[in-house]
Amino acid sequence: MASQALNSSTQPTDVYGGDEVSAIILDPGYSSIRAGFAGEDAPKSFAPSDYGVTTEGTFLFGDDAIHDPNANLEIRNPMGKDGTVEDWDIATQLWEHAITSRLTNFKQADPRKNGLNDDLSDAVLEMETDGDKPLEEHPLLMTETAWNSTKNREKSIEVAMESWGCPAFWLARNSVLAAFGAGKATAMVIDVGASTASVVCVHDGLILKKSVQKSPLAGNWVSQQIRILFEKAEPKVNLVPHFMVAGKTAVDSGAPAQATVRNFKIPPTASFRALEEERIITEFKESVVQVWNGANGHLYQEISQGGYKNFDSLRSQPGRTYEMPDGSNQMWGAERYTVAEGMFVASNTNEQNAGPTLIDMIKASFNATDMDIRPHLLANVVVTGATTLMNGFVDRLNSEMTTMYPGVKVKIQAAGLTAERRFGSWMGGSVLGSLGTFHQMWISKAEYEEHGASIVEKRCK
Amino acid sequence: MSQSGVSLSGDCVSKFNELKLNKKIKYIIYKLTDDYKEIVIEEASEDGDWEAFREKLVSATQKNKAGKVGKGPRYAVYDFSYELASGEGTRSKITFIAWSPDDAGIQPKMIYASSKDALKRALNGLAAEFQANDEDDIEYQSVLAKVSKGLA
């Protein structure tokens, strides 16, 4: 992650339209917060939304702080399950940390005293006692989900104006920004993130409210399926996070692990362990999990003799080996296709049916739009969100959609660069915020003071 | 106003009205100025050859923020005529095209997409509209099918 944030050599020397406003783009999500200056190619600050609480009740933010197994941290997340904010007090502090730690207060300094090696509780205190408001010189462009509530939108401008002292503010829909970034004003945006998968139709830069569909079948749900897979595997996979392992020796595939486990005076909390386990699962998701490509129907297409046509044919294919931090390893064959299948096809075999599948959502979203624009939507499908980077995801989506709408041109636009897919909405915001002409769109502090927080509803449609 | 705040230069609309009323001009290509502040007319032509028009869109360029010239998006209005398949005569539809090649940079694409509304809303009397993102999208046959809704 840090390499993303440190890539600062590309800072633009000339800014679009000539108006250097040093606007900050903030794109908060369920799993991570993306923040950076408008006009740059990638967010300089990429911080986890998870934060740690010490036994004394102090909050620790950022990747540098929350992965310490000795700190006895309780790990929490201020975002609700649908990607909107639940705990505003924490969210405000967390976002402020994401911005100030890397953008506004960030100075290259001697490594002996640049803060990274300091006792972190001091840094937090210092930030709190800092009297000035952190963003007095930076207009702020924030992204929001298509289903954000009015209350939350007003709270956003309140935080920006009152707590951070921003001179100007704008709230943009992340699906619209993703569509703009792909060069489209009309598009069907399929966004699969950590907590939520959504399908939103955008027409001429405005979201169509009726077409907004969301579902919890996203990245975190896939992680859950991986846990179940580990649980059911033969032999059962023991999920031991890196911090527990002191040393290991190589073992054969399927053999029990030969590792020495570290002992802690105070054992780390369950939520901390879950956070660390999630890192392994993420790695597993990136390297082993495969989405079935959808040729010859879905994975569990049944055949008359019993059994599953596609799933069974995969059994003869070579698998992939994955080694756990404790050294145990095994081959994952056809099973690696099973975890993501439920995102596309409702399963009748187990408890996977936690929400509408992507296919259901595309249908529902599509049917809620006007007849005239439907062909345009199908010809302009924009795929964004980090979970769409799973191997084979876009191929499967393509095959499902062509089957669903035969005879119509379906064209899926998915950025090839991983950064563009992960930071799609942030990058759209970065371009918008850096436009010289955009400064007339901002809601200024004066306007906010005159009309109050409700102005955000009138201006940011 | 568009979401990007980009404005139109004065002759954008008047030229369009000329196309609409005098029926001499066949197409107008619009572009954004290099500082991305204003939409201006790049070319207005009386030549009705679709291939020449298409070639102009395909070879359009735009400077990105580093000053490098890459492929560029455009807006275009084309007075598109076709014969009805049923033999009921000729129809002509003024068509708005938002051309944004997939291999153009994210910056120009974003700005064109977010500024499209400013131009489109100012032009009254558009009969059809579509977005085109690769060269296939602006092949004569595929445009004909889109504009005529299969009636040609």
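# Exercises on a two-chain model

At a relative accessibility of 0%, B:C12 counts as buried, a class defined by under 20% relative accessible area, with exposed meaning over 50% and partly exposed in between (1.4 Å probe, protein chains only). The model is predicted, so local features need pLDDT of at least 70 and side-chain atom pairs count only at pLDDT 80 or more, while totals for chains, interfaces and linings use all residues. Residues are numbered from 1 along each chain as its sequence is written, chains are lettered from A and ligands numbered from 1 in the order in which they are written, and side-chain values use heavy atoms, with hydrogens and water left out.

## Exercise 1. Chain A as a whole

Determine how many helices and strands chain A has, and what percentage of its residues is buried.

Step 1. Chain A has 17 helices and 19 strands; these are DSSP runs numbered from the N terminus, of at least four residues for helices (H or I) and at least two for strands (E).

Step 2. Of the 461 residues in chain A, 53% are buried.

Step 3. Contact means heavy atoms within 4.5 Å. Among contacts in chain A between residues at least 6 apart in sequence, 70% join residues at least 24 apart.

Step 4. Helix α15 of chain A (residues 424-434) is mostly covered, with 11 of its 11 residues buried. Among them are A:W426, A:M427 and A:L432.

## Exercise 2. The interface

Find how many residues each chain brings to the contact, and which element of chain B supplies the largest share of its side.

Step 1. Chain A brings 36 residues to the contact and chain B brings 30 residues.

Step 2. The size of an interface is often given as the accessible area lost when the parts come together. Here that buried area (1.4 Å probe, summed over both parts) is about 2800 Å², with 50% of it on carbon and sulfur atoms.

Step 3. The interface holds 5 salt bridges, each being a side-chain nitrogen of Lys or Arg within 4 Å of a carboxyl oxygen of Asp or Glu. B:K120 forms a salt bridge with A:D204, with the closest N and O atoms 2.6 Å apart.

Step 4. On the side of chain B that touches chain A, α3 (106-122) and β8 (128-132) each supply at least two residues. The largest share, 10 residues, comes from α3(B).

## Exercise 3. Salt bridges within a chain

Decide whether A:D27 is buried or exposed, and why B:D117 and B:R121 are separated by about one helical turn.

Step 1. A:D27 and A:R34 meet through their side chains in a salt bridge (3.3 Å, N to O). A:D27 is buried at 2% relative accessible area, and A:R34 is buried at 13%.

Step 2. B:K56 forms a salt bridge with B:E43, with the closest N and O atoms 3.2 Å apart. This pair links distant parts of the chain, B:K56 being in helix α2 (residues 50-58) and B:E43 in strand β3 (residues 38-45), 13 residues apart. B:K56 is partly exposed at 33%, and B:E43 is partly exposed at 26%.

Step 3. In the salt bridge of B:D117 with B:R121, the closest N and O atoms are 3.0 Å apart. The two residues are separated by about one helical turn because they lie 4 residues apart in helix α3 of chain B. B:D117 is buried at 12%, whereas B:R121 is exposed at 55%.

Technical notes. Buried area = accessible area lost by both parts, 1.4 Å probe.
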